[in-house]
Amino acid sequence: MKIFSSQQIRAWDAYTIQQEPIESIDLMERASLTFVNWFVEEFQNTEAPIFIFCGQGNNGGDGLAIGRLLQQRFYNIEIFICKIGNSPSSDFIKNLKRLPDFQNIKVHEIEKGDELSFLNSNPKSSEGIIIDAIFGSGLNRSVEGYWGKLLEYLNQQNQTIVSVDIPSGVFADQNTDGISIQADYTFSFETPKLAFLFPENEDRVGAWFFKSIQLDKEFL
């Protein structure tokens, strides 16, 4: 098993996009479908509410696609978009535009400073699952301030937390000392992250899994 840095993974993505060739949005769709296929095997109760928290980068784009694909499999989806920064990624925007076809997906926006009570209005929230797609593997500084408080709020909900690719707030290639999601499950794409193997991250990463999204093997 080979372990790659987050920079190498981005280069591997770019190499695949160029060599296959494939559009980045289609590679994101492939990754999201891989996650969904794993998720429906692990969590078969379609009555439990699924709360997906998305940043505005590509990790959040994965979260939007995952919500759409899970809705197609009759899961009860609610999406929370965290308005972090002013420049959503292009693939995030594309996946956001794909959501209106599914009117029964509730979409909320979280602005910095909003009251941390997002799940209180759902009577079945205690039975739900949180999918974390806020910060991805490119994170290079600790999560602080309001968004750090949001991560702590989600950790306190007594719900199963499933992180997409890496728990939000966890550094992919080094130890994490600050605030992060404490996931019960983490599903990574293609290979595990080095951070998954640090004993200090056991409570942050939880049980971790990974599956290939058919990145080009020549890159290896």
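Me: How many bridges pair S1 and S2, and in which sense?
Reply: This is a predicted model, to be clear. S1 and S2 pair over six bridges, in the parallel sense.

Me: Which residue in S2 is the bridge partner of Ile52?
Reply: Ile79. Six of the seven residues of S2 are buried, which leaves the strand mostly covered.

Me: What is the strand order in the sheet?
Reply: S3-S2-S1-S4-S5-S6-S7. That makes seven strands in an open sheet, with parallel pairing.

Me: Which strands stand at the edges?
Reply: S3 (106-110) and S7 (207-211). Each has a single partner strand, so one side of each has no neighbour in the sheet.

Me: And what does the twist average?
Reply: 20° from one strand to the next.

Me: How many bridges between S5 and S6?
Reply: Three, again parallel. S5 covers residues 160-164 and S6 covers 185-189. Ser163 stands opposite Thr186 in S6.

Me: Which strands does H3 touch?
Reply: Helix H3 (58-72) packs on the sheet against S1, S2, S4, S5 and S6. Its direction makes about 160° with that of S1.

Me: Is H3 largely enclosed or left open by the rest of the structure?
Reply: Largely enclosed, because 13 of its 15 residues are buried. From first C-alpha to last, H3 reaches 21 Å, close to the 21 Å expected at 1.5 Å a residue.

Me: What follows H3?
Reply: Phe74, with a positive phi near 75°.

Me: What does Phe35 touch, leaving out residues up to four places away in sequence?
Reply: Ile66, Ile131, Val162, Ser163, Val164, Phe187 and Phe189.

Me: New topic: Lys193. Where is it?
Reply: In the loop between S6 and helix H6 (202-205).

Me: Buried or exposed, that lysine, Lys193?
Reply: Buried. The relative accessible area of Lys193 is 2%, and the cut-off for buried is under 20%.

Me: What does the side chain of Lys193 make a polar contact with?
Reply: The side chain of Ser188, at 2.7 Å. Beyond four places in sequence, Lys193 is in contact with Ile3, Ser137, Asp165, Ile166, Ala172 and Ser188.

Me: Last one, Gln44. Where does Gln44 lie?
Reply: In the loop between H2 and S1.

Me: Is Gln44 buried or exposed?
Reply: Exposed, with a relative accessible area of 61%.

Me: What does its side chain reach, on Gln44?
Reply: The backbone oxygen of Glu41, at 3.3 Å.

Me: And what separates the C-alpha atoms of Gln44 and Trp208?
Reply: 18 Å. Along the chain the two are 164 residues apart.

Note on methods: Residues are numbered from 1 along each chain as its sequence is written. This is a predicted model: local features need pLDDT of at least 70, side-chain atom pairs count only at pLDDT 80 or more; totals for chains, interfaces and linings use all residues. Side-chain values use heavy atoms; hydrogens and water are left out. Two strands pair if DSSP finds at least two bridges between them. Helices (H or I, at least four residues) and strands (E, at least two) are DSSP runs, numbered from the N terminus. Axes are lines fitted to C-alpha atoms, for helices over the stretch in contact, and angles run from 0 to 180 degrees between N-to-C directions. Contact means heavy atoms within 4.5 Å. The expected span of a helix is 1.5 Å times one less than its number of residues. Buried means under 20% relative accessible area, exposed over 50%, partly exposed in between (1.4 Å probe, protein chains only). A polar contact is a pair of N or O atoms within 3.5 Å; within protein, one must be able to donate a hydrogen and the other to accept it, and residues adjacent in sequence count only if both atoms are side-chain atoms.
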